[in-house]
Amino acid sequence: MAKVFIDDIEYEVPDGKNMLEVCLSLGFDLTYFCWHPALHSIGACRQCGVINYKDENDKRGRITMACMLPASNGTRISIEAKAAHDFRAGNIESLMLNHPHDCPVCDEGGECHLQDMTLMSGHNYRRYRFKKRTHTNQYLGPFLNHEMNRCIQCYRCVRFYKDYAGGKDLDVFAAHDDIYFGRSEDGVLENEFSGNLVEVCPTGVFTDKTLKQHYTRKWDLTSAPSVCHGCSLGCNILASQRYGTIRRILTRYNGDVNGYFLCDRGRFGYEYTNSKKRIIKALKRVSGTYQPIENGNVFEEVKALMGEGKKVIGIGSPRASLESNFLLKELVGENNFYGGISNTEGNLIKQVINILKKGKVKTPSLAEAKGYDAVFIVGEDVTNTAPMLALSLRQAAKNKPNEEAFAIRIPLWNDAAIREIVQERTGPFFIATVHHTKLDEISSGSFYGHPDNIARLGHAVAQKINNNLPSVPDTDRESASLSSSIAEALLAAKKPLIVSGTSLFSKNVIEAAANVAYALKEQGKDVGLIYTVPEANSVGMTLLSENFIDDAIARVEKERADVLLILENDLYQRIGKKDSEAILKRCNQVVAFENLENETTNSCDYVFPAGTFAESTGTIVNNEGRAQRFYQVHIPRNEVRSSWKWLDILRQDLQTAEAKDFDVIVDEMIQKNPELQKIKETAPTADFRIGTQKIPRSPHRFSGRTSMIANINVSEPKPPDDNDSPMSFTMEGYHGIQPSPDTAFYWSPAWNSVQAINKYQIEVGGPLHDGNPGKRLFEPDENRQAKYFNDIPSSFHPSNDELLVLPLYHIYGSEELTALSPAVKERIPQAYIALNENEARRKGLNAEGGKVEFYYQDKKWELSLKIDNSLPDGIAGLPKGLNETSGIGYPFRTKINS
Amino acid sequence: MSETWIHILIIVCVLLGMVTIAAGLIYVERRMLAVWQERYGPNRVGPFGIFQVMADMVKIFFKEDWIPGFVDRKVFIVAPTIIMITTLLSFAIVPFAPGIVVANLNVGILFFLAMSSLGAYTIVLAGWASNNKYSLIGGLRGAAQMISYEVFMGLSLMGVVILAGSFNMTDIVMEQKGMWNVVPQFIGFVIFFIAGLAETHRLPFDIPEAESELIAGFHSEYSGMKFGMFFVGEYLGITLVSAMTTVLFFGGWLGPSFLPPIVWFLIKMFAFILVFVLLRASLPRPRYDQLMSWGWKILLPLALLNLLVTGAIVLYNQ
Amino acid sequence: MLSSIRTVWLVFLHMFKKRVTIEYPEKKAFLAPRWRGRIVLTRDPDHNERCVACYLCAAVCPTDCISLQATEDENGRRKPEYFRINFSRCIFCGLCEDACPTYSIQLVPDFEMGEYKRQDLVYEKEDLLIDGQGKYHGYNFYRVAGVAVGVKGKGEGENESAPVDRKKLVP
């Protein structure tokens, strides 16, 4: 602890901070631009000027930038002194010389850090009478809008984009006051985290282009704390709506998970919720067409189908909440419930859960992953399957070189100095994947091979760490030396991190990664082991499932089922046309609960309109076993509601057409699944109040209440109640610091921008006031004796006539729902089949782009060829989940013709 | 025509006449307030707006007569009737002209005082039965105000009684043939008139209602014809006090003979009614404590002094 | 006491003064040009909608009776997709006019907008938009703003210099 003096008052502050952090943590309103809690200080904007005094006798002091001043014992500053105040106001005045008169048409207006800081500094009148500098703008792709005139040259964008996220195509150009932040030429910003520029930029240079399509000011948005459904990491988001459509997604700060950032799939992939293809009414198939049916009748009819003695089976979904899956299981009975994934995937996830639960190695959270100093990725294209993990790993790669700076007593926050020492160097970072991945650019050694060969590399590394393990037979020299250097680097590190996942559908890969981690653990290393899984609630659903879709197919083959209930699952997309038809034909009646119209809903007898994350409340479990609550953003003016509500009504007597409250369902689920006990603690129950007040979903400045639906009826209806959460759907409620899982927006007096988050944290950049939301369901037991996996696969030998086809992942396109969002759609690549040059030549294929034919499930597929020389011989890669490649089960073998 | 029939006719005439005058006052008051405030007042319904009264009556009869669920039902219903009954009964002793009096009681003044005391119940019961804090406060204020001013209202009249040597109203009028009582009993007149304002809780003494602080006080919860009874009761009260002032201090029906006595009476009475309205147009409401201290610390000693001096002079003259 | 009597006397004298009431339907009152009555949306000198859908009027409205949705034309010029004022809630306080950065929303001297049905008091953009500039002439927000949305090119606005060449490194 250090004692510092701010305006002659003494404060105890933690060591190793700078004075800006200290002032903000203590609640002072000090202006700043270039500093960011995750990007640290460079002292570029000169906005946090304070007066620094030598000692108590020093009456004059000197102006210093608080962000560059260490908070050491005896530091004495003044924020309020007139000179400091005038300095900051003058500085803003200079920055504003060229700032355009744009606020009314600027998307940042109302949540602009520059607006806040200007007011805070006291500057209010532009005295400069000469001309304003202008810039031309660039086209930056479907996600971001560029308005360079508004720039105040704080450098935050390039510091985030280049230094933090590893982007290559945004930079700073020109000199002196012509400085320009942009690309060398117009074009799409390629980095997967470009959307964060919206929040990082203190003013409106980079704004959300999807929001622009249906622009709404921050104060008019009704938001709910939610969890991203885009991948398995469970990043926290704030989803906001106005007039019944989702308008944008912002990062919800969770110090344990995603921190300040979010990937572009999560941020811009929300638009499918507003799609015209949404199912908004309960539908029934009448002679080939779907017709809406009366709410009351639908229950009676479906109930009748499922009456006494009827054979009913249900297929769950890894993108539906725990509650929905649980109620489906309750409705159809334990033995008739099938997890909505293939058996291959199901068993892989079971294995992952098994390692999480029964292993002895900690699975770090996304935020903790940043703290490891050596990384070994085993068979996972992290950038595309779990993008935010890639961002964390990029930070982890900086830890080792940073130590050099720490050694000469440069604190972590002094970013410019650290960068000067570190330059482009990165720490030990090894990747073993099927083909070249984006993280290769920071890797110290990459290996491309068949999943079995990746697993063999893993086993070899484990064996090098623990000599008692059986050695890997028939190792070639190259991988032997690679495995030695990986083992050496991991052993040299303080905190090695092993990353793996299910994306290659290989049990061997998963087991090899666990072996490496176990071996390191035995060497006393503080090792972390992260697995990624395919979908938002893959872990949660698998916890509730014993059997999976292939079991369901086998069962209906044996005996026809009367009713099949499909929960938020497009079978055609997941298991392909052949299997889907096989199962649908053997069931007399098919009932689907679905968000959007798809091939499955087009083959059903009844379709219930199920809510997406925007219209439902629920709990999902991420890849590390963290259960997190997401809340519905609004009650839509149609029949859409959470799947669990439909299921609960179907379960009850017909007299009640109301579902039970969320907390009742949760209690029932916990009672039947004691291992889910902790999900009760993920968020307050619906009867939680602060004083007598609920927690509002809208800010107190929310406008248009007496007018927004006045065209329909001039008498305003009563605002809807939310029985499932302690939150109100309006601005009414407690407007202070709310419980962290229930905070719907960040606002504090004088802090209208996203930076208001400072006020919600115990100290800036630290945990939220009552802890970060989410509860981990399983923790490792370090003393446990975990068994090694001894099943070492044999090396892969390419066959001459057949190719093994493996999935290649794309951040845009490989996830089913986000791929339907217009902005994301623009970024989805053309479908292709990837081969290395060697293999292509051998098959007689010509240049890139040529047509390639292959067969899968007796159907002919035709795609264009893409040459990817990093792919090993005998392996072809197909982009997973694109429209053209949906329904394919990986891996499979096929012959290829040109 | 037998005496009984004449009597009944007088009763009916007085009853209808007074109620009609009270109702008409609704229009008169609004028009006169407007005159003193440089406005026109109601001038749209009928010639000069005189059918405004009809419109108001129709409106008040057709308004929903709502009894809130939380009130003391019986008392709530009875309360507004009391003021009507007591005030109308008081008119029984008013001699409008020679022979035109319902009951020529020899304790006329005492009957009047008794009736006006009973009138206090209407406010207390209404305020209590409404089960509403504003009404209750209004009721409490009303009770205190009316009981206090009752005291020196009575005392202020004693001078007149001493001069006339009788409680009989007709006797008091006849006694003023030489000189109206207002001259020897000027202080008595002033005190009586002030007390009369307070008794009828008219502006500026409308403290039990005080809409700006008590949102209509004791009759907050009343609507429809029950409210109407309070409303008409108040105008009856004005008429009564004006009539009493006329009788007691301004020679009742006495006047030059070119006009019939009843006309003189009505002229005088209406003059006082207009004074009531003028006061409403001009004076602000005092605070409750000001009202009480004014009554007990100034008016009561003054009334006693007036009584003492009158009594002494009368005794001395004998 | 005496002052009270004087008050009564003075009030009494008002009887003989001229009435201030204007007998409305027959005689019309004078409304000052800045009288706060019916709300209109005006157009700029180039005859385009002035409203840029910034939502400030809606935010400042004490009765929350203004709602709108922003949209953009092909040039990126922002305008309201719909603009609705619920006059049955409006209190004609004029804060929306104060808040408007483009002189678009203006209160005009007209109050004769009574309706028998409350629903008829809900005005849409078509009902609000007038053909002229209202009280404030000659102002076009997009000439002074930095954005280029078809009104002027980058650097062509009032008080703007030409766009900088970002490939230039000369000081």
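What is the mean pLDDT of chain C, and what percentage of its residues reach 70 or more? After that, please take the contact of H7(B) with H10(B) in detail.

Analyst: This is a predicted model. The mean pLDDT of chain C is 91, and 100% of its residues reach 70 or more. The model as a whole scores ipTM 0.89 and pTM 0.83. Where pLDDT is low, predicted coordinates should not be read in detail.

Now the helix pair. In chain B, helix H7 covers residues 186-199 and helix H10 covers residues 261-282. Their axes come within 12 Å and cross at roughly 65°. The crossing of H7(B) and H10(B) is right-handed. On the H7(B) side, the contact is made by Phe189(B), Phe193(B) and Leu197(B). These meet Phe272(B), Val275(B), Phe276(B) and Leu279(B) of H10(B). By class, the contact residues of H7(B) and H10(B) comprise seven nonpolar, no polar and no charged.

As for cysteines, the structure holds zero disulfides over all chains. Cys235(A) is in no disulfide, and the nearest cysteine sulfur, that of Cys231(A), lies 5.9 Å away. Cys13(B), by contrast, counts as partly exposed because its relative accessibility is 47%.

Note on methods: Residues are numbered from 1 along each chain as its sequence is written. Chains are lettered from A and ligands numbered from 1 in the order in which they are written. This is a predicted model: local features need pLDDT of at least 70, side-chain atom pairs count only at pLDDT 80 or more; totals for chains, interfaces and linings use all residues. Side-chain values use heavy atoms; hydrogens and water are left out. A disulfide is a pair of cysteine sulfur atoms within 2.5 Å. Buried means under 20% relative accessible area, exposed over 50%, partly exposed in between (1.4 Å probe, protein chains only). Axes are lines fitted to C-alpha atoms, for helices over the stretch in contact, and angles run from 0 to 180 degrees between N-to-C directions. Helices (H or I, at least four residues) and strands (E, at least two) are DSSP runs, numbered from the N terminus. A crossing is left-handed if the near helix is turned anticlockwise from the far one by less than a right angle, and right-handed if clockwise. Contact means heavy atoms within 4.5 Å. Ala, Val, Leu, Ile, Met, Phe, Trp, Tyr, Cys and Pro count as nonpolar, Asp, Glu, Lys and Arg as charged, and the others, Gly among them, as polar. pLDDT is the predictor's confidence in each residue, from 0 to 100.
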